[in-house]
Amino acid sequence: MDSDKSAVVTSSADPPLKLSVGKPPKAARLINNALPPADLECDLVILFDTESGYVPKEKKTAEVIEDSFKLLLAELVNAGFCFKVRVNKPGSVFIFVKASDAVVSFASYRSQIKDWLFGIRTSAPVVPASHHKLDDDFSTAERLRLVHDRLTNSQKDHGLGITPGQSDWVFVKSIFALHDPQFNVAWIERWSTKWALDDAELDIIKNTFGEKIALYFAFLQYYFSRLLFPTVMGLLAFFFLPPYSPIFAIICSLWCSVFIESWKRREVELAVKWGVRGCSGLDTHRATFRGESEREDPLTGALVQYYPQWKRVVKQFTAIPTALTAGLVLIAVQAVVFVIEIFLSEIYDGPLKQYLVFLPTALLATLVPTFTAFYNIIATRMTDWENHVTERTYDTAMTQKMFVLNFLTSYMGLFLSSYVYLPFGHLIAPNMDFISATMQRFIGEKASAKHFTINTHRLRQQYIYFTATAQLINFFVETLLPYIQRRAVKEAKKLQEKVTGAYQDVYKDDEIEAPFLARVRAEADFPDYIVGDDYREMVVQFGYLCLFATVWPLAPLFSFINNWFELRGDAVKICLDTKRPIPGKAETIGPWLHNLVFLTWLGSLTTSSLVSMYRVSATESDCSYLVATRPWVLLAAVLLSEHAYFVARYLIRLIYDALDSSVVQKHQRQKYLNRQQTLKRSLPDEEPIEALEHEEIEVTEAKRDEWRAAIAEAVVTLQSSLVKNEADKKEQ
């Protein structure tokens, strides 16, 4: 790569990230700090893998592979990218891609114009004074986003349409950004000493990882800080109020509504501050979208790919019976396991009981993840089949499908205990003769349900597990276990190489490049960071508080403690366990906000029903059945609570609408002033925008020869990798 095109772009808003010379930070021991040599500094890395599972084996000929590789390199060159190729492993190479400042400058100018036309920017963009040097305040996240969009967006969105595993790019396994180890070390060290995150810290995340990731951390920080109120109220209720207290139930319901409305205001302020207000209206077309025909766009008059909306609606309706079937199967599985658990723990008293009581847990631990993984595959394929035009509609459809499944897996056990076991357990247990007969057939001992008594503490015990124990286990599995597994695999490989004498680095990397390439190979194997998974985790936790907080008032306390560690754990997970997130714009948490509203509404029903059913009898431990409330009283309480919820939510929204935000006011004033200025001036027309794109590279015959030589050298590297791959296969 040319040295003038390989300068590292940093943001002036970023803090100085320097490692102490004498004593390196503790986090540096966990992170590979190998920096790229000047020749391999890049924006993104393309992993070209000939062993890709997207291609049938008979089509993986050397000619097809080389043609695909040459096409990819030609597209990069024609778009103004520099590249270097290095071997990853037999049959796989890395393409280190670097965009010139001219390419990034033009992409930024085009993006600014689009933002201005769609009302996201309040001021018209100014043609940059120089297209070969970026402004000092140009952030790392903005550069990576523009380069990634240029590579992966569809041609309609001025991209190359390089979509891993699709069409001409079947051998492209992934496109990823490399971590900045110095930033990661400083980030972990800084957060380990902070109690809370301020706006300056969020700005640093925004400048490094983009608005989408920064918005998640802003949400998690806001949620964490607002949990302090229900935590204090829960402590008071635990010590001074009776179980299933209606006072604590009302406080929790009001807090949930206030939190959602206040968060809506907070995300608007952040969107205005970060300059992304209204970006949800900017839809990025999916490169995998396939139209059935071409039609004239009624707005623009241009020919566009057309796919009938009615067909997509029909396909989406087919997802309803699929989701219902999956939900019924999951409910049936959990119900059967629930009955087995009740029988083994509270009725059966024969041999091997101390071992059999673990059978329900083993069944759930095996069946639910297997079913969830199977459903994930079906949901992904169905969403792909729906053929969405934009990324936003695709993400929304996928999120809602997954929310339904997570709702069932997370709360079904508590619903069964609340509305089946406790109120009707005295009727169900005596009729478990079929289970007794089954146990007698296998064990030879008949169990009797005559002395069955309802475990009045079962619901609380379950709830304590989900809100305390399960969160601790999940934190370990999510944050610490991947690092332990990776270290174990690394040590196992070293031991294998030592025993067999086979060393994997058969290509003998350049001594200067070797440490860096080792880091790249490690990061290439990392899974992608999916921010939706972390949102899902927080929404599920919020649901536990909305739906069942009255069962155990200390639940907010454990959620509060968990989220303090979750903030730091998610940062560590990004730095150590996943690929660097590709920056993206976002002004809202999207469909997750609607899910929070749904859980709050449902919480108004469950909370009122639980208080009505168990408030009187919760202190009675030897009653044959717990629910003494008449059905019409229970129905009246639920209806009253639901209507009170809608009234309270309306009043809370009115209050927040009446309170003006200084940030939003400033934004509105700026828009007014800019409209006035726009009446007096227009964009400069001496230099049309189309002319700027061709200004980025001066194409000469010498330059073309240089490109041809670079592509030829890259093809030789690929060929050597293929030869080695074939040799390895023959040996095996």
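Visitor: At what angle do the axes of helix α8 and helix α18 cross?

Guide: In this predicted model, the axes of α8 (residues 246–274) and α18 (residues 591–614) come within 10 Å and cross at roughly 170 degrees. Angles over 145 degrees count as roughly antiparallel, and α8 and α18 are therefore roughly antiparallel to each other.

Visitor: Which residues in α8 meet α18?

Guide: On the α8 side they are P246, A249, S253, C256, S257, I260, W263, K264 and E267. Their partners in α18 are L593, L596, V597, T600, T607 and V611. By class, this contact has nine nonpolar, four polar and two charged residues.

Visitor: C256 belongs to that contact. How many disulfides does the structure hold?

Guide: A disulfide is a covalent bond between the sulfur atoms of two cysteines. The structure holds zero disulfides. For C256, the nearest cysteine sulfur is that of C546, 3.2 Å away. The cut-off for a disulfide is 2.5 Å, so the separation of C546 from C256 is too far for a bond.

Visitor: Are C256 and C546 buried or exposed?

Guide: C256 counts as buried because its relative accessibility is 4%. C546 is buried as well, with a relative accessible area of 5%.

Visitor: Turning to the strands, how is β2 joined to β3?

Guide: In a regular strand the side chains alternate between the two faces of the sheet. Here β2 (residues 81–89) and β3 (residues 92–99) run antiparallel, joined by eight bridges, and R86 stands opposite F94 in β3. The two strands form a hairpin with two residues between them; in the turn, G91 has a positive phi of about 85 degrees.

Visitor: How many residues of β2 are buried?

Guide: Seven of its nine residues are buried, which leaves β2 mostly covered.

Terms used. Residues are numbered from 1 along each chain as its sequence is written. This is a predicted model: local features need pLDDT of at least 70, side-chain atom pairs count only at pLDDT 80 or more; totals for chains, interfaces and linings use all residues. Side-chain values use heavy atoms; hydrogens and water are left out. Axes are lines fitted to C-alpha atoms, for helices over the stretch in contact, and angles run from 0 to 180 degrees between N-to-C directions. Helices (H or I, at least four residues) and strands (E, at least two) are DSSP runs, numbered from the N terminus. Angles under 35 degrees count as roughly parallel, over 145 as roughly antiparallel, 65 to 115 as roughly perpendicular and the rest as oblique. Contact means heavy atoms within 4.5 Å. Ala, Val, Leu, Ile, Met, Phe, Trp, Tyr, Cys and Pro count as nonpolar, Asp, Glu, Lys and Arg as charged, and the others, Gly among them, as polar. Buried means under 20% relative accessible area, exposed over 50%, partly exposed in between (1.4 Å probe, protein chains only). Two strands pair if DSSP finds at least two bridges between them.
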